[in-house]
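Look over the sequence and the model before reading on.

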Amino acid sequence: MDAFSSLKSSDCVTDSDADALIRAGLILFGARWKAPMARTLGVTRETVSRWVGSGSVPTWAMAVVRLMNANKGAVLSLCDRTGNIVRPWADAGFECICVDIAHDSGEATRDGITWIDADIREWLPPPRHYAIVFAAPPRTNLAVSGARWFKDKGMGGLTEAIEIVEACRRICEWSRAPWMIENPVSTLGSYWRKPDFSFHPHEFGNYEGGASDDYLKRTCLWTGGGFRFPQKRPIEAFRPLYIRDLPPTDDRADVRSVTPPGFARAVFEANVGGTSVIER
């Protein structure tokens, strides 16, 4: 038994900080993080495992980990209204920036995420070392599901959509970080290139936060910069027609475009530490 085993409960942080310790370990050391983390903190690997298993981590240990984890890079998400895709990164202490023309005017920081109101075609990202970049350009004028209205919309809508995609692509490649552009099954494959990957939400439902992702909605991904597509951990699609059957409300398009939390978590695990499996 080492000297830290006798710490009082008042000297320990909560279960959520145990999750933060796991995430920090992955960020700093990769899949086999416990042994190097233990050496850095001057404790045994068994002690680190006990902290994780009990959900009680000494406050001094988390303070050291946060200092170690302070300069790991920023995460940028373009055309992002909800912040779902960056939430796991924000929880792990990354600086996260979400940009969309629908945000409140100016710039604001809430829940560890900076929200910026801007037209992506006219916006320049702040100079940072970026860990990863995401983009979800509007799909209204590109999605195959709306093809029957293309003629009525005219060329203006299509031109604007392609301009936004191009702005996203340009920023993604400029970042020199892993990147991912997402869109539903769309005409983008014809105007640009075929997607690298596609998925349904339920295919990542067994990741943290994915219990409600039990539906079908084919989403395509264009990736680059060393982006790692995560390992699938599916659940049954109990609500296969959930997206199709959404009522025609004002926020229907926003609900349809939300990134599934299970997939967001899977992408985090696959790209933050070079592996899609967390060692516990």
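## Sheet, helix pair and one leucine

I97 stands opposite T114 in strand 6. The model is predicted: local features need pLDDT of at least 70, side-chain atom pairs count only at pLDDT 80 or more, and totals for chains, interfaces and linings use all residues. Residues are numbered from 1 along each chain as its sequence is written, and side-chain values use heavy atoms, without hydrogens and water.

Strand 4 (residues 95-100) and strand 6 (residues 113-117) run parallel, joined by 5 bridges. Strands pair if DSSP finds at least two bridges between them; strands are DSSP runs (E, at least two residues) and helices are runs of H or I (at least four), numbered from the N terminus.

The open sheet has 8 strands in the order 5-6-4-3-7-8-10-9, with mixed pairing. Strand 5 (107-110) and strand 9 (197-199) are at the edges, each with a single partner strand, so one side of each lacks a neighbour in the sheet. The twist averages 20° from one strand to the next.

Helix 2 (residues 34-41) packs against helix 3 (residues 45-54) at about 105°, axes 8 Å apart. That makes the two helices roughly perpendicular (65 to 115 degrees). Contact means heavy atoms within 4.5 Å.

| Helix | Contact residues |
|---|---|
| Helix 2 | K34, A35, A38, L41 |
| Helix 3 | R45, V48, S49, W51 |

L41 of helix 2 is buried, at 9% relative accessibility (buried means under 20%). Beyond neighbours within four places in sequence, L41 contacts W51, W60, A61, V64 and V65.

Definitions and conventions
Axes are lines fitted to C-alpha atoms, for helices over the stretch in contact, and angles run from 0 to 180 degrees between N-to-C directions. Angles under 35 degrees count as roughly parallel, over 145 as roughly antiparallel, 65 to 115 as roughly perpendicular and the rest as oblique. Buried means under 20% relative accessible area, exposed over 50%, partly exposed in between (1.4 Å probe, protein chains only).
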